[in-house]
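Please consult the sequence and the coordinates displayed below.

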Amino acid sequence: MTVAVDVRGITKRFGDFTAVNDISFTVERGETVALLGPNGAGKSTLIRMLTTLMLPTSGTALVDGADIVKEPDKVRHAIGVIPQAMTSDLELSCRENLSIFAKLYSVPRVRREKHIAELLEAVDLTPWADKQVKQLSGGMRRRLEIARGLVHEPRIFFLDEPTTGLDPVARKNVWDMLDRIKSERDLTLVLTTHLMDEADKLCDRIAIIDHGLLM
């Protein structure tokens, strides 16, 4: 197997506080890996560095072969990112939210319309395609966020606490959908979670992080 994510001694300090402390690991292409740990363990900081939203203090990582420090644009085009906070525009429809994101990534118009329809079907939102996002439940909004992260057909998908705030039924629906989409699209998934059952359900391997250290 080839390596999709290669983390090399990555560290992030904020003044005297070390949020991520000399972490190294690899993720093989096609794997699903969980970064499991309590709130405040450093998981989200690590994800922000791997997705080029934050520069490391030292160390680096290769994501799809591109260096997060030296080649951030290449990294951004290879990845999809689902942050903890839901950021879809509540006043726009599901289709409009996906379309705006596709345009930002310069997805050609002919491909864009077909692909958005496929994504809405994949996340079971076709009946809601032209409804405003504010009419959706929390679980449906999370599924829309996942579809939005896939709109430019990334090879590697980062999810930061993907089921935060969802009830058990909505959480299971998201898990099932991620399982299905991963197999259909040959994705590599890296997710953070503090839920042991979520890591066990979704992941091939689990990396435990606590106090900024890989345990």
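Q: Is arginine 112 buried or exposed?
A: This is a predicted model, in which local features need pLDDT of at least 70, side-chain atom pairs count only at pLDDT 80 or more, and totals for chains, interfaces and linings use all residues. Residues are numbered from 1 along each chain as its sequence is written, and side-chain values use heavy atoms, with hydrogens and water left out. Buried means under 20% relative accessible area, exposed over 50% and partly exposed in between, with a 1.4 Å probe and protein chains only. Because its relative accessible area is 14%, arginine 112 is buried.

Q: Which residues does arginine 112 touch, not counting those up to four places away in sequence?
A: Arginine 112 belongs to helix 4, residues 109-122; helices (H or I, at least four residues) and strands (E, at least two) are DSSP runs, numbered from the N terminus. Contact requires heavy atoms within 4.5 Å. With residues up to four places away set aside, arginine 112 touches Ser99, Ala102, Lys103 and Val107.

Q: Is aspartate 6 buried or exposed?
A: Aspartate 6 is part of strand 1, residues 3-14. Because its relative accessible area is 18%, aspartate 6 is buried.

Q: With which side chain does the side chain of aspartate 6 make a polar contact?
A: A polar contact is a pair of N or O atoms within 3.5 Å; within protein, one must be able to donate a hydrogen and the other to accept it, and residues adjacent in sequence count only if both atoms are side-chain atoms. At 3.0 Å, the partner of the aspartate 6 side chain is that of arginine 8.

Q: What is the bridge partner of aspartate 6 in strand 4?
A: Two strands pair if DSSP finds at least two bridges between them. Strand 1 and strand 4 (residues 58-63) run antiparallel and are joined by five bridges. In strand 4, aspartate 6 is partnered by leucine 62.

Q: How many bridges join strand 1 to strand 2?
A: Strand 2 covers residues 17-28 and runs antiparallel to strand 1. One of the pairings sets isoleucine 10 against isoleucine 23 in strand 2. In the hairpin of these strands, which has two residues between them, glycine 15 takes a positive phi near 65 degrees. The number of bridges between strand 1 and strand 2 is eight.

Q: Which strand supplies the largest share of the lining of the largest pocket?
A: Strand 6 (79-82) and helix 5 (138-149) each supply at least two residues of this lining. The largest share, four residues, comes from strand 6.
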